[in-house]
Amino acid sequence: MALTVEKILTLPALRKLKLIAGRGGLERDIVSAGIVDYEFVEELNYDLSDAFEKDSLVISSLLFAKDNPSLIFPAIKKLNEYGVSAFAFKSIIYENLPDEAISYADENDFPIFSYKDGTWFENIIFEVMNAVEKDDARYLSQIHIKRMIQNTI
């Protein structure tokens, strides 16, 4: 598989994403996409152990932190610890992230993007998953499978 954070930025729904931190992580792999919705709401005590797929792009409106911006940095940190490849947020509730979240992302090469209206969650997820599926099909083509069997890949 050869899809990276940098490569998915060429997809139509992702072209408007603006990198705000973590430039050093653009070569991270992408194999899935997901959404952060309620998982980091303090009152829920939600089990996050399998909530996010490793090597995924996770998107959010940051609604979970609407009245408590102090929840943003711990969420960014947890996403990185869970192996998420990149994070993108729609800047409708918050225009900017806390400085500590930006610093952490830069120090850990964890790409964070922002985007505005006109880009929809479902379009991002659909396009990323479609690109992953095409990449998987290309990788598992007959010629590659034959090379794997012959141990020449």
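User: Why does A88 count as buried?
Analyst: This is a predicted model, and in it A88 has a relative accessibility of 0%. Buried means under 20% relative accessible area, so A88 counts as buried. The residue lies in strand 4.

User: Which residues does A88 touch, leaving out those up to four places away in sequence?
Analyst: A88 touches L17, L57, V58, I59, S60, F113 and Y115. A contact requires heavy atoms within 4.5 Å.

User: How far apart are A88 and L62 in sequence and in space?
Analyst: They are 26 residues apart in sequence, and their C-alpha atoms are 9.8 Å apart in space.

User: What makes L62 buried?
Analyst: Its relative accessibility is 0%. The cut-off for buried is under 20%, so L62 counts as buried. L62 is placed in the loop between strand 3 and helix 2.

User: What is the phi of L62?
Analyst: L62 has a positive phi of about 65°, although it is not a glycine. Most residues other than glycine have a negative phi.

User: Where is D109, and what is its phi?
Analyst: D109 is in the loop between helix 3 and strand 5. Its phi is near 50°, again a positive value in a residue other than glycine.

User: Why is D109 called partly exposed?
Analyst: The relative accessible area of D109 is 35%. Buried means under 20% and exposed means over 50%, with partly exposed in between. The value of 35% falls in between, so D109 is partly exposed.

User: What makes A51 partly exposed?
Analyst: A51 has 29% relative accessibility. A51 is found in the loop between strand 2 (32-36) and strand 3 (56-60). Its C-alpha atom is separated by 9.0 Å from that of V36, which is 15 residues apart from A51 along the chain.

User: How do you know that T119 counts as buried?
Analyst: T119 has 4% relative accessibility, and the limit is under 20%. Therefore T119 counts as buried. T119 sits in the loop between strand 5 (112-115) and helix 4 (121-139). Not counting residues up to four places away in sequence, T119 touches A13, K16, K90 and I124.

User: Is T4 buried or exposed, and where does it lie?
Analyst: T4 lies in the segment before helix 1 (5-8). Its relative accessible area is 7%, which is under 20%, so T4 is buried. With residues up to four places away in sequence left out, T4 touches L26, E27, R28, D29 and I30.

User: Why is helix 2 called roughly parallel to helix 3?
Analyst: The axes of helix 2 (residues 72-81) and helix 3 (residues 99-107) come within 8 Å and cross at roughly 20°. Angles under 35 degrees count as roughly parallel, so helix 2 is roughly parallel to helix 3. The crossing of these two helices is right-handed.

User: Which residues make the contact of helix 2 and helix 3?
Analyst: Helix 2 contributes F73, I76, K77, N80 and E81, and helix 3 contributes E100, A101 and Y104. By class, this contact has 4 nonpolar, 1 polar and 3 charged residues.

User: How many residues are in the largest nonpolar core, and which have the most contacts inside it?
Analyst: The largest nonpolar core has 25 residues, and I76, L79, F87, L97 and I112 have the most contacts inside it. Helix 2, strand 4 (86-90) and helix 3 each supply at least two residues of this core. Helix 2 gives the most, with 5 residues.

User: What does L97 touch, not counting residues up to four places away in sequence?
Analyst: L97 touches I20, L62, I72, I76, F89, I102 and I112.

User: How many helices and strands are in the protein chain, and in what order do the elements run?
Analyst: There are 5 helices and 5 strands. From the N terminus on, the elements run α-β-β-β-α-β-α-β-α-α.

User: What part of the protein chain is made up of buried residues?
Analyst: Buried residues make up 42% of the 153 residues. As for contacts with a separation of 6 or more, residues 24 or more positions apart account for 77% of them.

Notes:
Residues numbered from 1 in each chain as written. Predicted model: local features only at pLDDT ≥ 70, side-chain atom pairs only at ≥ 80, totals over all residues. Heavy atoms only, no water. Axes fitted to C-alpha atoms, helices over the stretch in contact; angles between N-to-C directions. Helix = DSSP H or I, 4+ residues; strand = E, 2+ residues; numbered from the N terminus. Parallel < 35°, antiparallel > 145°, perpendicular 65-115°, else oblique. Left-handed = near helix turned anticlockwise from the far one by under 90°. Nonpolar A, V, L, I, M, F, W, Y, C, P; charged D, E, K, R; others polar. Core = buried A, V, L, I, M, F, W, Y, C linked by side-chain atoms within 4.5 Å. Buried < 20%, exposed > 50% of the residue type's maximum accessible area, 1.4 Å probe, protein only.
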